[in-house]
Amino acid sequence: MPKMPDVLEGARVLLENETPLSGNCGRLCGARCCRPMEGENTGMLLFPGEDAYYAALPDYTIAYTPAGLLLTCPGQCRREDRPLSCRLFPLLPLLREGGVRVGIDLRAKPVCPLARQGISGVRREFVEVVRACGRLLEQDDAQKRFLLRLTAQQDDLRALRRQFGGEGHV
Ligand code: SF4
Ligand code: SF4
């Protein structure tokens, strides 16, 4: 079976037991981020090389999209099977000039009440582990390029939100 890159595996392990709140936030919102949004083709972007892990898991499918490899899950999962995008949600490590900055993933705002609350709504420890995860990933060229793409995508989304008045599903 093909193996995930070590750096990616390390990032996934860092977030294995870290969660945005000390309890299960899915109980508060009905696990909205695990349910597809009506009329939308949803899924989680895989980090470079992460598809190797899912090749052997029959309940997951991978689609090639212009944004990258998109994983679709069965709607519930074992914690160890969670892709890195789900482990990071609703935060993202962004690559800025001064280094890794942790931000709310703007794609999460239509779905996640914590994302709408802002970064102060999640545990400090979770923020710090997401930062450590970004620092680890940026050591690998492919992962760094992917984080730079995500960062640019967030900047585009922010610009769109400003253009259309701040809120809404962008
Ligand atoms: S949508 Fe947000 S609050 Fe709800 S389960 Fe997902 S991360 Fe937690
Ligand atoms: S992989 Fe797990 S955490 Fe991620 S959306 Fe699916 S059920 Fe939710």
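Reader: Is Tyr-60 buried or exposed?
Author: Tyr-60 counts as buried, because its relative accessibility is 11% and the cut-off for buried is under 20%. Keep in mind that this is a predicted model.

Reader: And Tyr-54, buried or exposed?
Author: Tyr-54 counts as buried too, at 2% relative accessibility.

Reader: How many aromatic pairs are there in the whole structure?
Author: A search of the whole structure finds 3 aromatic pairs. In one of them, the rings of Tyr-54 and Tyr-60 have centres 5.2 Å apart and planes at 50°, so that pair is tilted.

Reader: Why tilted?
Author: Planes under 30 degrees apart count as stacked and those over 60 as edge-to-face, with the rest called tilted. The planes of Tyr-54 and Tyr-60 are at 50°, so they fall in that remaining class.

Reader: Which residues form the aromatic cluster?
Author: Tyr-53, Tyr-54 and Tyr-60 form one aromatic cluster.

Reader: What sits over the ring of Tyr-53?
Author: The charged end of Arg-12 does, at 4.4 Å from the centre of the ring.

Reader: Which side chain does Tyr-53 have a polar contact of 2.6 Å with?
Author: That of Asp-81; the polar contact joins the two side chains.

Reader: Where is Asp-81 found?
Author: Asp-81 is in the loop between β3 (68–72) and α4 (84–88).

Reader: What is Asp-81 in contact with?
Author: Leaving aside neighbours within four places in sequence, Asp-81 is in contact with Arg-12, Tyr-53, Tyr-54, Leu-57, Tyr-60 and Arg-87. That list includes Tyr-53, Tyr-54 and Tyr-60, the residues of the aromatic cluster.

Reader: How far apart are Asp-81 and Met-44?
Author: They are 37 residues apart in sequence and 13 Å apart in space, C-alpha to C-alpha. Met-44 is one of the residues around ligand 2.

Reader: Which residues surround ligand 2?
Author: They are Cys-33, Cys-34, Met-44, Cys-73, Gly-75, Gln-76, Cys-77, Arg-82, Pro-83 and Cys-86. By class, that shell has 7 nonpolar, 2 polar and 1 charged residues.

Reader: And which residues are around ligand 1?
Author: Cys-25, Gly-26, Cys-29, Ala-31, Cys-33, Phe-89, Cys-112 and Leu-114. The shell has 7 nonpolar residues, 1 polar and no charged ones. Cys-33 is listed around ligand 1 and also around ligand 2.

Reader: New topic. Where is Lys-109 found?
Author: Lys-109 is in the loop between β5 (99–104) and α5 (113–117). Lys-109 is buried, because its relative accessible area is 19% and buried means under 20%.

Reader: What is Lys-109 in contact with?
Author: Ile-104, Ala-115, Arg-116 and Arg-161, leaving aside neighbours within four places in sequence.

Reader: Last one, Asn-17. Buried or exposed?
Author: Asn-17 is exposed, because its relative accessible area is 66%. Asn-17 is found in the loop between α1 (6–14) and α2 (26–29).

Reader: How far apart are Asn-17 and Arg-32?
Author: Asn-17 and Arg-32 are 15 residues apart in sequence and 20 Å apart in space, C-alpha to C-alpha.

Terms used. Residues numbered from 1 in each chain as written. Chains lettered and ligands numbered in written order. Predicted model: local features only at pLDDT ≥ 70, side-chain atom pairs only at ≥ 80, totals over all residues. Heavy atoms only, no water. Phe/Tyr/Trp six-rings, centres within 6.5 Å; stacked < 30°, edge-to-face > 60°. Buried < 20%, exposed > 50% of the residue type's maximum accessible area, 1.4 Å probe, protein only. Lys NZ or Arg CZ within 6 Å of the ring centre and 35° of its normal. Helix = DSSP H or I, 4+ residues; strand = E, 2+ residues; numbered from the N terminus. Contact = heavy atoms within 4.5 Å. Polar contact = N/O pair within 3.5 Å; in protein donor to acceptor, adjacent residues only side chain to side chain. Near = heavy atom within 4 Å. Nonpolar A, V, L, I, M, F, W, Y, C, P; charged D, E, K, R; others polar.
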